[in-house]
Amino acid sequence: MTAQVDECLLGLKAEKHLDRERALRKFQELITQAGTSADRDVLVDGVKSLLTSSTWEHKIGGLMAAKVLVDKCDVACFDDLMVAESLRLLEDDEVRVRLAVGQLLRALAGKHGLSVVEACQETLLGSITNHFDREGEGARGDSAFSSGYITPSAYGTAAAAPGSPARSGSPNLLAALLHSSYQPLVPGVGQMRHGTEGWKCLETSMKAYQQLVEGTGPAVAPYITEEVQDLLHRSMHHPNRFVRETAHFTAASMCEALAGPRLLGIGQELAERLADGLSDNWSQVRYAACVATRTFLKCVGQEEQHRFLPTLTGPMCLNRYYIAEGVRLYAQETWRRMMGDSGRATVAKYINQVVFYYISQSKASNHAVREASCAVMAELAEKVDRQAVSPHVPDLLRALLLCFKDSSWPVRDAACTACGRCVLSYPEETREVLDSLYSLWFDHLWDNIPTVRENSASALANTIRAYGEEATTKVVSVLRELLPQAYQQPAESQKYSELENTTTFGVAARRKRDNDPAVHSNQDMFSCGSLSARFSTERLVRSDGCNDYGFARAKEPWEGSDGAIHMVKELAAVAPAAAAEFIPQVADLARLASFQHAYNMHESIWRGLPGLAASLGVKAFKGQYLELFLPPLFADLRCGHQLAEAEAGKCISALRDLVGPRIFAGRLDEQQRAAMESDPNILPPKGQPGLEAVMH
């Protein structure tokens, strides 16, 4: 067995994590096979030797093996030694060693309970307290001048600006201001110091304390004193996001330990801290706060939850729409568990707090939060009791209008949709801002982002549903101006005119253009979710909170036509007679292929045509309009643009099924019939005979 132990210990020293994991499994087998105390002593001695090594791989291997020994064996004095070793390695230079210490402490606490807490708590809390602020910084941060913040006491002692004579002993605000303006920012100091750097072992010590609490269970409650609670609450507002995340997970563990009257006693303060965590800019912190919130509500009991719901309802509700999937799904499940069928009634009951929270979040610095706030405001307008929501509709609309002018396109998109849903639910309350909404919707029909154009059309359709002929007249007037814009689109193909193509901007020219380095090199970088260039100050100059933020990229004429195409489809669903005049022009745009993005516009036409046909009525469409679309529709099956080809194939399949395979086949020429039989983008009829059977 000695040879096996030596081989196992050698594996626990390995540099690769996978090799250490394999050695750990072998170590577990050796413990099971150890028949005498002498055999176990050999393993114990090997673990001790690993822990005293100066190499971090050896130490982490020893900690992993020590946890197995604690779980599976009772070795005299070994566990006491491991408590001491855990405290010695608590602030090790290697983070992986410190994390392994936390796992070992959990195992020790689960086995020995409060004796481990008594031995470790003072050291753990001391480590957290000592590293709570970065070295050289107080709770506020660096000195006045290094951060650009000037305190009154600095007025008389500030150095003069470079080149000016020094003036000591008398107040000199101008000198202080100049000194602050010209103060060089040193990387790693003050504002130039990264928010995740410099707290040493604070996060891992907090994780170790969390493991200690979870391992001990409810018996640890007497040791969670007011001082511990205060330290935890401060940690939940710490500037380092990893510390905040760990603090919220620790709060969840604390809730389980304090379940009962003690938790109710501190419940309101804790609920406010959790609400802050549920509003954090970092998704990981939000997720940890979601976990802590669910645990908190479960531990206070269903009878007492109402005391904290005014504070937590808004944040819990908003996170159901948050962009990070883990946060969103966890929040949705929490809502189902805690609210059951009473969710709408709960929101209506605390409507003042909920609306205040939604509006505040619509102004958050994180664009994903602003987007989620638009979604929940729309939900509020549609699903919650009208009597409760109606007084707040003007405030909600003002917040949505501001989001409608956001620099981030997902926020504009969400606000656009939300405004449309509000108009449909509260037409009279919305009249106050209707002119502003019309202006924004019509502008966003010509937006740079396809989904914004499409959702603007859907919102305008809701306006027609709410206001009838009044809104139809406005929409038709704008469509007459917007739909022909693509005819003004530059060809963008002059560099490639030497190529022969069947169209002015054909497949070969488009491919050469796509591979032209000049098109894709030395261009502006754009932020995710925004068309404002990264590091650009243009948005700051152009935005005043009242006017539209504008866009970093100029609008293209074809984008106006594309938005109008979406609007024609939506108009046909609510006012078919008004949409009829635009159908021939849409068919003509489907033939247009003289510019680079023509086939992007074709995608929109083919994606919306089946719905347009159904809205107009099968009889009217096949009698007046079907043959206008067939030539460009089948031409796009071989246009070289994969997305347009796929949409054309799906459109052909849908129109065939809508008007009937026999009638549809009768309108085709020989080439089109051949394409129907062979093109992979055209789906076979559902439950109907194929084209060949129909024709013969």
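In this predicted model, Pro 680 lies in the loop that connects helix H39 (670–678) with helix H40 (691–695), where helices are DSSP runs of H or I of at least four residues, numbered from the N terminus. Pro 680 counts as exposed because its relative accessibility is 71%, the term exposed standing for over 50% relative accessible area with a 1.4 Å probe and protein chains only. Between Pro 680 and Glu 645, which are 35 residues apart in sequence, the C-alpha to C-alpha distance is 10.0 Å.

Residues are numbered from 1 along each chain as its sequence is written, and side-chain values use heavy atoms, with hydrogens and water left out. Local features need pLDDT of at least 70 and side-chain atom pairs count only at pLDDT 80 or more, whereas totals for chains, interfaces and linings use all residues.

Two helix pairs were examined. The axes of helix H25 (residues 434–444) and helix H27 (residues 469–482), being lines fitted to C-alpha atoms over the stretch in contact, with angles from 0 to 180 degrees between N-to-C directions, come within 12 Å and cross at roughly 30°. H25 is therefore roughly parallel to H27, a term for angles under 35 degrees. The contact, meaning heavy atoms within 4.5 Å, involves Leu 434, Tyr 438 and Phe 442 of H25 together with Glu 470, Ala 471, Lys 474, Val 475 and Val 478 of H27.

The axes of helix H2 (residues 17–33) and helix H4 (residues 56–72) come within 10 Å and cross at roughly 30°. Among the residues making this contact are Leu 24 and Phe 27 of H2 and Ile 60 and Met 64 of H4.

How values were computed:
Helices (H or I, at least four residues) and strands (E, at least two) are DSSP runs, numbered from the N terminus. Buried means under 20% relative accessible area, exposed over 50%, partly exposed in between (1.4 Å probe, protein chains only). Angles under 35 degrees count as roughly parallel, over 145 as roughly antiparallel, 65 to 115 as roughly perpendicular and the rest as oblique.
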